[in-house]
Amino acid sequence: GGGGGGGAKAKLNKSEKTKLQVARDDRFAALFSNPNFEIDEENEEFRRHHPNLSRRRRRGADDDDDDDDDDDDDDGDDDEDEDEVTFTALPRLITRFNDISFWVATEIVTTPSVKKRAAVIERVVKLAHHLLGLHNFSALMAIYSALNMSAVQRLKRTWKLVTMPTMRLLQHFEHVLVGVRNFQVYREIVSRIGLPLVPFVGVLMGDMTALEENANTVDGLINWEKNRLMARAIDTSVISVQTEPFDITPVRPIIRYLREATEVQLSEAQLYALSRQLEPPVNAATGGTSNLPSTSTAEAAVQAAKEAAAAAKAAARAPSQPLPPPQQQQHQQQQQQQQKD
């Protein structure tokens with residue numbers, strides 16, 4: 001119904017317009033007037049399938065304050081907000097996965113002493129074992145991926161010093177995480193252990209990619225089987241795992257250390273170059289190594305690599321500002337000299 005004579009007409013976003021159209025449709029009107037069809041939003045099953053509902057309501061209440069100032073194209077803005085809530089977490093999760101993986105590889109390869117490198121691997125595997133006990137399969141896979149990087153795997157002298165119990169743990173991780181038969185072992189473990197857990201998002205992405213390749217329609221009808229399988233994959237790997245949080249007391253110094261440590265990490269090319277310097281390839285002709293760096297040379301290379309990575313991070317964050325004329329000229333001269341060198 002309409003409001004009073006001179007009252008301002010309330011705007012409806014796209015979702016509200018759709019609901020209103022459905023409510024006025026004779027075919028569905030009874031659903032909105034019959035109390036038997038009323039949704040109980042306090043129901044446990046409803047809350048399990050809508051874990052972010054309260055947060056969206058709070059955000060919607062905040063957005064309502066600005067509705068009067070918006071133009072008629074607000075519908076598109078609402079869609080963009082929903083897309084942001086839906087999709088921003090996945091890139092962040094992938095970024096965090098890569099940060100952990102490259103941080104572990106950097107810690108190993110930037111340790112000059114072969115004995116200390118082996119000790120770092122031992123400590124990292126012990127950490128991965130604790131993550132398995134916590135059912136944090138995302139961080140566990142990140143560490144397992146780091147240990148399988150070529151820059152780490154080629155350190156033969158280092159791996160010879162790793163103890164057998166640690167190597168057996170690595171074999172167990174491989175058994176759990178390897179993608180044989182579409183991650184069959186991993187899927188069986190996840191279905192058996194229950195919550196809470198942090199799944200490996202790569203499995204979900206693989207499932208969704210495979211399902212998306214199926215046709216949306218079959219003989220002109222909606223492919224409900226495809227939608228059902230996609231919904232089940234999302235419910236198993238996303239919605240259900242958000243219903244039960246971990247009962248862990250945060251340790252602020254450790255959180256701060258991990259955030260700062262993962263800021264400085266080497267690229268895959270830098271890791272491999274430093275790995276070759278620390279343990280040069282065996283010379284096939286002589287059976288020995290060539291150009292073996294001294295400990296001091298290796299330490300200098302480690303420090304230079306860390307400083308370069310830290311400088312690159314700082315440069316990426318700092319806003320670009322034009323240099324004053326004298327400094328700009330000096331900067332150009334330095335660049336030209338570096339190119340000549």
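Helix axes are lines fitted to C-alpha atoms over the stretch in contact, and the angle between two of them runs from 0 to 180 degrees between N-to-C directions. The model examined here is predicted. In this model, helix 6 (residues 89–109) and helix 7 (residues 114–133) have axes that come within 8 Å of each other and cross at roughly 150°. Because angles over 145 degrees count as roughly antiparallel, helix 6 is roughly antiparallel to helix 7. On the side of helix 6, the contact is made by Val104, Glu107 and Ile108. Helix 7 contributes Arg117, Val120, Ile121 and Val124. By class, the residues of this contact comprise five nonpolar and two charged, with no polar residue.

Helix 6 and helix 7 also take part in covering helix 8 (residues 137–147). Ten of the eleven residues of helix 8 are buried, and the helix is thus mostly covered. The buried set runs from Phe137, Ser138, Ala139, Leu140, Met141, Ala142, Ile143 and Tyr144 to Ala146 and Leu147. Besides helix 6 and helix 7, the elements that cover these residues include helix 9 (150–153), helix 10 (156–159), helix 11 (164–177) and helix 12 (184–193).

Aromatic contacts were examined next. The structure holds four aromatic pairs. In one of them, the ring centres of Phe183 and Tyr186 lie 6.5 Å apart with the planes at 75°. Since planes over 60 degrees apart count as edge-to-face, the pair of Phe183 and Tyr186 is assigned to that class. Tyr186 has a relative accessible area of 5% and is therefore buried, the limit for this class being under 20%. Ring pairs join Phe183 and Tyr186 with Phe97, Phe137 and Phe200 into a cluster. Phe137 of this cluster is also among the buried residues of helix 8.

With a relative accessible area of 34%, Tyr272 is partly exposed. Arg154 lies over the face of the Tyr272 ring, at 5.9 Å from the ring centre. When neighbours within four places in sequence are left aside, the contacts of Tyr272 are Ser150, Ala151 and Arg154. The C-alpha atom of Tyr272 is separated by 8.6 Å from that of Val109, although the two residues are 163 residues apart along the chain.

How values were computed:
Residues numbered from 1 in each chain as written. Predicted model: local features only at pLDDT ≥ 70, side-chain atom pairs only at ≥ 80, totals over all residues. Heavy atoms only, no water. Helix = DSSP H or I, 4+ residues; strand = E, 2+ residues; numbered from the N terminus. Parallel < 35°, antiparallel > 145°, perpendicular 65-115°, else oblique. Contact = heavy atoms within 4.5 Å. Nonpolar A, V, L, I, M, F, W, Y, C, P; charged D, E, K, R; others polar. Phe/Tyr/Trp six-rings, centres within 6.5 Å; stacked < 30°, edge-to-face > 60°. Buried < 20%, exposed > 50% of the residue type's maximum accessible area, 1.4 Å probe, protein only. Lys NZ or Arg CZ within 6 Å of the ring centre and 35° of its normal.
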